[in-house]
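Subject: Structure for you to look at

Dear colleague,

I am handing over the structure below, and after it you will find notes on what turned up when I went through it. Please read them with the structure open beside you.

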Amino acid sequence: MAPSSSWTSSATQAGQAPLDDGRTQASPARALDAATLRSVFCDLLGRPPFAAERERWLGQARHTLLDALLGSEPFWSQWLEEQLYYFFLIDNFRPESERVLAIPADLAAGKLDPREATHRIALSPSFDQRNPGADTFVTVVLEQFTGITVQKNVRELEVGKAIYDGAGGTFLGKVGKRQADIVDIALHHKAFAETFVAREYERLLGESAPAKERAEWARRFHQTPREYGAIVREWLLSEAWDRRAARKRPVSNRLFARALYVDLLDRAPDEAEARRLRTALDGMSDAGPLRSVFARVLIDSGMVALPDKKSIRDPRAWIAQRFEALLGRAPSAQELEAFAAAFADEACRPATVLYALVTHAEYQLY
Amino acid sequence: MSFEALNRRTFLGATAATLALSAGLGAQSAERKTKHVVLIGFAGGVRTRETFGSPSNVPNLVSLAKEGVLYKRVKSSNLGHYGAALSLFTGVAEPRGIRENGRGEEPTLFEYARKGLGLAAKDVWIATSGGAQQTNYSYSTHADYGERYGANTVDGDGLFNAEFKSILETLGRPKKLDEREAELLAKMRASIGGADPKAALNNAESAAQVERFILDELTGGTASLRGPNAADAKAIRVARNLLVLFKPRLVAIVLQSADIAHGNFNGYADVVRQNDAAIGDLMKAIRADPALRDSTAVIACPEFGRDRDLNSRRGLDHGDGSEDLEFVSAVAWGPEFARDRVIEDDVRAVDLCPTVCQLLGTTAPRAKAKALPRLYA
């Protein structure tokens with residue numbers, strides 16, 4: 001996976017002196033441990049690493065991994081999934097048009113930038129069907145693209161509705177005449193950059209962006225949307241991301257659906273598998289019980305490659321590997337002792353160890 | 001009341017008043033025949049014209065009104081489906097983004113009920129039809145309430161659909177653990193110390209009950225329901241099954257399929273009719289259950305209406321500010337309510353929150369609303 005765009009110019013453009021590997025002075029190099037590696041993959045690709053990827057990247061420098069992932073097609077596929085979810089273009093409203101499906105490849109090839117990709121999403125038939133009628137369409141564009149509360153900006157809503165219906169008007173300071181103009185004007189308004197940067201930061205770091213930096217990132221993105229990848233690179237090399245990785249974040253249902261397949265089957269679920277599980281989990285305010293049910297269903301399905309208990313010659317080493325792969329850390333001495341003692345009992349199967357790990361609250365964090 | 005003003009007389013007076021109020025509430029609660037409340041957000045945007053303005057569409061709601069109270073002018077707010085439906089539960093009308101996927105700041109009536117009455121998670125449920133966004137109705141971000149007082153939410157269509165059922169049919173059910181293996185599993189889980197335990201919605205016992213409910217329901221017929229109102233029908237059916245199984249104190253149902261009206265007026269009218277029929281089935285279950293029939297109150301109300309005139313696609317949007325949009329009709333049926341009473345005065349949709357809390361014997365201290373007037377016999 002090779003990045004298609006140059007991320008390394010950004011530090012200079014932001015007025016910071018770059019180091020020789022492109023990192024800013026505020027973001028020292030760190031070797032990837034199991035937890036950080038898992039978090040980077042989950043944040044950027046929406047899944048943990050496969051076994052081979054874990055082997056390949058453990059101990060490597062984080063910026064090297066970022067250079068490999070950022071701008072790749074899998075990175076943009078995950079980005080697209082998150083955008084579709086943000087717009088609730090899911091399930092029956094999921095876009096199936098070739099233009100939308102081509103977005104990850106076109107972004108990876110440098111044919112599109114994130115703003116143009118958003119434009120493509122907003123002009124898809126699915127977006128129109130999801131947001132039918134002038135009132136809903138204009139409200140959603142204002143709220144989701146620009147962060148404007150329509151109840152406090154009734155004029156923009158009314159003008160937008162008039163434009164939607166074919167009458168002209170000045171919307172967000174620009175003249176529009178048709179439905180597509182509403183999208184175009186909103187996307188090129190600086191409020192879109194501000195809203196987009198703020199929510200992307202929150203998505204990746206789990207907290208609100210600091211105001212001063214946010215304004216600068218928004219300015220850069222508004223001016224040059226292709227800067228997005230460079231901005232994300234800065235975020236993932238920042239101390240803020242280090243803090244986020246240390247404190248752990250709850251695993252979303254869509255991440256859980258993918259992580260479980262990768263962790264147990266060493267493959268990503270196909271689109272239908274992920275969608276079915278995610279939709280079911282999204283249907284519950286406390287998805288914990290269903291996550292637990294499904295994890296056990298998958299483990300007991302016969303699809304998980306579990307070693308025969310007798311073939312595990314060093315149970316402690318095997319248990320430690322399971323901890324590292326599933327929780328991103330080594331077991332403590334007490335944990336290892338408790339698991340080893342349980343495993344020595346003939347009633348405990350290798351599957352029981354997996355049950356314990358993937359149904360525990362810690363597996364719901366990353 | 002300032003400290004200086006709090007002399008002995010006012011202190012005693014205030015204390016006496018508080019005690020009297022508490023005693024009154026306690027007596028009121030103790031005498032209440034209502035033990036269970038079903039609150040139906042007849043949502044998706046439904047005008048009175050297609051409900052009580054066309055009685056043949058909604059014979060079951062009409063029947064409930066004859067045996068209960070009909071509020072003909074319930075003022076709603078065009079806050080988007082999400083914001084407007086949320087306001088039914090919080091008693092506070094606040095703008096929320098149409099596609100916003102975040103929890104509200106104001107506590108919901110579910111949190112008021114669980115905290116105020118000390119209810120367990122299995123006592124308070126929401127059955128929804130609108131997917132991920134609607135699970136946010138469960139609880140707020142308010143520091144004094146939140147997840148530990150939330151309602152268990154089940155989205156009928158999200159969970160009980162043929163596709164998800166087929167996955168489980170393909171993979172099979174989880175193996176039943178024997179006693180010893182379950183014990184070892186519990187020991188291993190208990191030994192893991194890496195996550196901070198937080199106040200969860202379910203405890204281990206209620207989580208296990210929810211697991212069982214899911215597995216049982218998946219093998220039932222809910223996943224097979226079809227038609228334009230399938231999502232709504234599943235929500236109502238899930239609520240019915242929850243009601244019969246758990247006998248919860250509070251069940252809310254949030255419907256959504258009527259929003260098909262944007263592009264299909266006839267489809268919308270059909271959804272209204274089918275949802276009324278599904279509510280009829282729910283009422284049959286309530287009336288047939290000795291533990292529910294004389295102790296259950298049912299309240300149904302749309303979150304808002306729809307435009308007065310058809311749009312260019314011969315559908316109905318919601319945004320013209322008309323009376324059709326802003327005033328809807330609500331019906332309340334229950335053992336303590338008046339019969340065949342029609343209220344012509346204006347009330348507000350947000351008034352449902354304190355009304356339900358009052359029925360259950362608690363209060364909604366942050367709601368900016370008051371209980372519905374002239375409800376009781």
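Two strands are said to pair if DSSP finds at least two bridges between them. In this predicted model, strand β3 (residues 124–128) of chain B runs parallel to strand β5 (residues 250–254) of chain B, and five bridges join them; Ile126(B), for instance, has Ala252(B) in β5(B) as its bridge partner.

These strands belong to an open sheet of eight strands in chain B with mixed pairing, whose order is β4-β3-β5-β1-β6-β7-β2-β8. The edges are formed by β4 (152–155) and β8 (341–348) of chain B, each of which pairs on one side only, and from one strand to the next the twist averages 15 degrees. Helix α2 (residues 59–66) of chain B packs on this sheet, where it touches β2 (69–75), β6 (296–301) and β7 (327–333) of chain B, and its direction makes about 65 degrees with that of β7(B).

Turning to the interface, 62 residues of chain A are in contact with 56 residues of chain B, and the area buried between the two chains is about 4,900 Å², with carbon and sulfur atoms giving 64% of it. Of the area that chain A buries against chain B, Phe88(A), Arg276(A) and Ser285(A) supply 13%, more than any other three residues.

Across the interface of chain A and chain B there are two salt bridges, and the side chains of Asp345(A) and Arg180(B) meet in a salt bridge at 2.5 Å, N to O. On the side of chain A that touches chain B, the largest share, eight residues, comes from α19(A), and the residues of that side divide into 31 nonpolar, 15 polar and 16 charged.

With best wishes

Conventions. Residues are numbered from 1 along each chain as its sequence is written. Chains are lettered from A and ligands numbered from 1 in the order in which they are written. This is a predicted model: local features need pLDDT of at least 70, side-chain atom pairs count only at pLDDT 80 or more; totals for chains, interfaces and linings use all residues. Side-chain values use heavy atoms; hydrogens and water are left out. Helices (H or I, at least four residues) and strands (E, at least two) are DSSP runs, numbered from the N terminus. Axes are lines fitted to C-alpha atoms, for helices over the stretch in contact, and angles run from 0 to 180 degrees between N-to-C directions. Contact means heavy atoms within 4.5 Å. Buried area is the accessible area (1.4 Å probe) that two parts lose on being put together, summed over both. A salt bridge is a side-chain nitrogen of Lys or Arg within 4 Å of a carboxyl oxygen of Asp or Glu. Ala, Val, Leu, Ile, Met, Phe, Trp, Tyr, Cys and Pro count as nonpolar, Asp, Glu, Lys and Arg as charged, and the others, Gly among them, as polar.
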